[in-house]
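Student: Please show me the model, and then let us work through its fold and packing.

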Amino acid sequence: FARIHETNLKKQGMLALTFKNPSDYDLIREDDALSITGLKSFAPGKTLTLVMEHKDGSKDRCDLNHSYNQSQIKWFKAGSALNLIGGASKKKTPADKTKTQSKKKKRSVMPAKKKNTAKKIKKTVRKAVKKTIKKKLKTAIKKSAKKIGKRR
């Protein structure tokens with residue numbers, strides 16, 4: 001891998017792996033089901049294992065190398081570096097969900113002072129709209145009255 005490409009893959013939560021023995025690549029068949037084992041104990045310097053389950057029922061295994069450090073392994077486990085930084089990877093407990101729901105409720109309730117202000121603004125806007133409509137109606141009525149008067 002190019003160094004920058006490998007780092008970008010890691011930041012996106014992808015596994016940048018290489019075959020410990022490059023000839024193991026030839027063991028993979030087109031219709032294989034592939035699994036990577038050892039991810040629970042994923043650690044710097046420790047190899048992972050690729051299990052190839054062939055259509056005929058036989059299996060092959062090969063070791064995979066990585067260059068992940070502990071921080072990069074956290075990125076992978078979180079799904080990406082951004083998820084880790086943004087906290088999206090944190091598992092929520094039922095208690096956390098309740099806290100989140102109650103916070104949402106509190107946010108949606110507007111303080112009385114702000115409610116009154118909002119009501120006043122709405123009233124003012126309605127009055128302004130009504131005045132504008134009345135003026136336009138009066139102007140339209142006058143214009144139509146003039147046109148009618150001219151026709152007679």
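The questions below go from the whole chain to the sheet and then to the rings.

Tutor: This is a predicted model, with residues numbered from 1 along each chain as its sequence is written. Local features need pLDDT of at least 70, side-chain atom pairs count only at pLDDT 80 or more, totals for chains, interfaces and linings use all residues, and side-chain values use heavy atoms, with hydrogens and water left out.

Student: Which pattern does the chain follow along the sequence?

Tutor: Helices (H or I, at least four residues) and strands (E, at least two) are DSSP runs, numbered from the N terminus. The chain has five helices and four strands. Read along the sequence, the pattern is α-β-β-β-β-α-α-α-α.

Student: What percentage of the residues count as buried?

Tutor: Buried means under 20% relative accessible area, exposed over 50%, and partly exposed in between (1.4 Å probe, protein chains only). The chain has 152 residues. The buried part comes to 17%.

Student: What is the order of the strands in the open sheet?

Tutor: Two strands pair if DSSP finds at least two bridges between them. β1 (18-19) and β2 are the edge strands, each pairing on one side only. The pairing is antiparallel, and the order is β1-β4-β3-β2.

Student: How many bridges join β3 to β4?

Tutor: β3 covers residues 48-53, and β4 covers residues 59-65. They form a hairpin with five residues between them, and G57 in the turn has a positive phi of about 100°. V51 stands opposite R61 in β4. The two strands run antiparallel, and the number of bridges is six.

Student: Which residue in β3 is the bridge partner of T37?

Tutor: Strand β2 spans residues 33-37 and pairs with β3 in the antiparallel sense over five bridges. The partner of T37 is T49.

Student: Is β3 largely enclosed or largely open?

Tutor: Count its buried residues. Five of the six are buried, so β3 is largely enclosed.

Student: Which residue in β4 is the bridge partner of F19?

Tutor: β1 and β4 pair in the antiparallel sense over two bridges. The partner of F19 is L64.

Student: Which residues does A33 contact, leaving aside neighbours within four places in sequence?

Tutor: A33 is found in strand β2. At 42% relative accessibility, A33 counts as partly exposed. Contact means heavy atoms within 4.5 Å. The residues in contact with A33 are V51, M52 and E53.

Student: How far apart are A33 and K59, C-alpha to C-alpha?

Tutor: In sequence they are 26 residues apart. In space the distance is 9.6 Å.

Student: Which residue lies over the face of Y68?

Tutor: Y68 forms one aromatic cluster with F42 and F76. A charge sits over a ring if NZ of Lys or CZ of Arg is within 6 Å of the ring centre and within 35 degrees of the ring normal. At 4.8 Å from the ring centre, the residue is K10.

Technical notes: Phe/Tyr/Trp six-rings, centres within 6.5 Å; stacked < 30°, edge-to-face > 60°.
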